[in-house]
Amino acid sequence: MRSVPKYRDMSRRKFLGTTVAGVALAGVVAPNLAFGAAKTVKVGFLAPLTGEVAAWGLPGLYGCQIWAEQVNAAGGIKVGGDSYQVELVSYDNEYAPDKARTGATKLIREDGVKFIMMLGGDTWPAVQPIANRTGMLVSTLLPSDLSPDTKTLIAPCEVHPIYNVTGVQWLAENKPDLKTAVICAQDDALGRPSVATYLAAFEAENIEVVDTVFFDISATDFAPIMTGLLAKNPDILCLDTAYADYVHPLCEQAYQQGFKGQIISCTADFYEKIIEKTSKEFMEGFIFQFPDFDDPALNGPRINFTDPNGFYAEYNKRWPGEWGAVSWEYASILDLWRAGAEKAGSVEPTEVLPAMKAGGKGLHAFGEAEWWGKELFGIDNALVGDWPVVVIENGKAVIKEFKSIPAWWRKHGKLLVKHFDKMGEMYYQRG
Amino acid sequence: MRDGGSADRGKAWGWLAGLGLLCAALIALPHLLSYSQQEIAVFLVINVLLVVSYRLLTLTGEWSLGHVVIMGVGGYASALFTKALGVPVPLAMLLGAASAAATAFVLAFPLFRMKGFYFLIGSFAAGEVIRLLWKRFRVPFGGPKGLKLIPSFPDLEIGALTIDFFEPVNYYYLCLLVVSISVFILYRLERSRIGLTFHAVHWQDSLAESVGVSTWRYRTLAFVIASFFAGLSGALLAHYIGTVNPNRFDVGEMVFVLIWAIVGGTATIYGPILGVVVLTIINEVVLRQLGFDQMRPLFYGAILIASILFLPQGLESLVGKAREAWAGRGGGAGPEDQRFGAQ
């Protein structure tokens, strides 16, 4: 005898009833299952990944990817008793304000990020109204974006260009016979405040600046610029905060035109390539501010960056020859944000920011630092402490010393304000 | 058998139906998009005005490399009128556009002593002078950082309803209205006697002069009108993103305008519109969603090369071919009707 399947006995009413019950049960159970799974917090990366300024965005994204993988592999970040996996969401703003606005809208309203990292500069003013409206926590590498109106903007890693004073200070202490300098920079939001800083730093060390040249960002021929600078016969050639695309040809020109003096610069991204184009001897003693993270000096107890040497090795394994000034910076900002979120017990921007700034101190990558900036930016949202002075020795970047920016400020702060004011870079003078 | 009158009426109804559909699609569009795509739509509409105004100048045979700087003049002027003088934003936008037109009028005196390639280089140099002035004079232009905290378009209150123009959907509709009116004016201008003279100045300037047409005046007129609308697009941009700076209006941005015009074609008014729409969608939506953020410049270059090789008449030629095919099936107008300039 053939058995009749039970479902044949099911009436439409029964079917609907059991289905509704099943769905209701799923509704009760599913949230519990979701709680059991790891939570995810999204962090936005809104910086130039293409174009002339990509060198200060893309290497940073690479660094953040390594940071996120390492943190997630170790179980994520612990917030309020929960573990969160960190998901990076990037948007290429091409260093254009309109693209930055679009990117900020996407990251905040579509992706639901809890924190956004930016390079800043030209792109910040277009994002500022959105950040103010949504209360989104945003970081910049350029503290010159800070003003009393930028309540949710922080500069927790790079106090550009203030740390440049440490390079000049070290230079004056170690090569006191150098007494004249020339400065050149691109005429933009990065170049000008940096020139003001170098002018203050040189004045503090009684080094005379005999010429300052601003060139347009569309400049491609650096021979006449260098000829004009070297005609002043300076002891020191200062390349300010020129983009990598300018530092390289400027060094080439200095080399070709026979400059034998001291070069100081904010950055020397991909310096191995400069050495290839010039010579090891020419680049010997080149001073700048951004170390390679395989430097033994970064293994000391003062450093608040997890395994810098391992990070550097992993970075170079994945992207050989791509290490630059910002490769570690955004990752270091993520460390600070993570500490803030864990301290706050929340990933919500409005709770993380006060936790980060609690006590007026923070653990900067290069040591304990203080939240500062009222006098220069109108708001204490820049984390300032020690910064390394890096010198190229035998074709390799070497940290020579960590010097204190706050100590310099206490002694020469008025000079910095004077030159910022003269250059129209004080927060109350901007646009 | 249809007589000529009923055929014309049918054609007119066809145009109206097409126009109605287009309007409905443009009105519905932002509601089909994500927030970031709404932002892109705002910038796209602004760029439509920029590239259509650029086409007006090309009607006289001159290609400028200073059009984006002129757009910037409109943006800077409008921002300054609101920030420094407290002029209401809508009025400041018109004044910004007028400032761009006035700047073009002054530039016309040296620039239209040149033609062709020399005009191209001259316009680039003039644009760079303006950009360097913005950089050099911190007061009033803000120097390299430009101007920020530019007032946005004021909220519109209709009874209990408040329209916030900071929201991309609302600003999209505002831009759509302004740009539609502007494009209609430019379209009618091209079909007018003045527009025909622009064509004559381009193709037969010696002949035009021999019958008493002042080619200098007509070139200047085209330059000034094109600059007015470019300035208006700059003002729309400035009051939306809240900032203007010299780098935003550099020659790199101008290259994009040239690419839009070349890829779209400049024989018809819809050619450059097609160019900017298609390339923006590819660049800002498709390639980004496919995760090719960093490869976009490469794709952009490839599209330009492919377009020049395989579509030398631009995307607009595809529309002509489609219509030709449609007409071959007995369904519509012939190719001679495609050009808006054709009379």
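**View 1. Parallel pairing of strand 4 and strand 5 in chain A of the predicted model.** Strand 4 (residues 115-118) and strand 5 (residues 138-139) of chain A pair in the parallel sense over two bridges; two strands pair if DSSP finds at least two bridges between them. A:M117 stands opposite A:S139 in strand 5 of chain A. Helices (H or I, at least four residues) and strands (E, at least two) are DSSP runs, numbered from the N terminus. Residues are numbered from 1 along each chain as its sequence is written, and chains are lettered from A and ligands numbered from 1 in the order in which they are written. In this predicted model, local features need pLDDT of at least 70 and side-chain atom pairs count only at pLDDT 80 or more, while totals for chains, interfaces and linings use all residues.

View 2. Axes are lines fitted to C-alpha atoms, for helices over the stretch in contact, and angles run from 0 to 180 degrees between N-to-C directions.

**View 3. Packing of helix 5 and helix 6 in chain A.** Helix 5 (residues 164-174) and helix 6 (residues 191-204) of chain A pack at an angle of about 30 degrees, their axes 9 Å apart. Helix 5 of chain A is therefore roughly parallel to helix 6 of chain A (angles under 35 degrees count as roughly parallel). Residues of helix 5 of chain A in this contact include A:V165 and A:V168, which meet residues of helix 6 of chain A, among them A:Y198 and A:F202.

**View 4. Contact between domain 1 and domain 2 of chain B.** The domain assignment, automatic or from a database, gives domain 1 (33-248) and domain 2 (250-343) of chain B. Their C-alpha centres lie 22 Å apart. In the contact, 25 residues of domain 1 of chain B face 20 residues of domain 2 of chain B. Helix 2 of chain B gives the most to the domain 1 side, with eleven residues.

Definitions and conventions:
Angles under 35 degrees count as roughly parallel, over 145 as roughly antiparallel, 65 to 115 as roughly perpendicular and the rest as oblique. Two residues are in contact if their C-beta atoms, placed from the backbone, lie within 7 Å.
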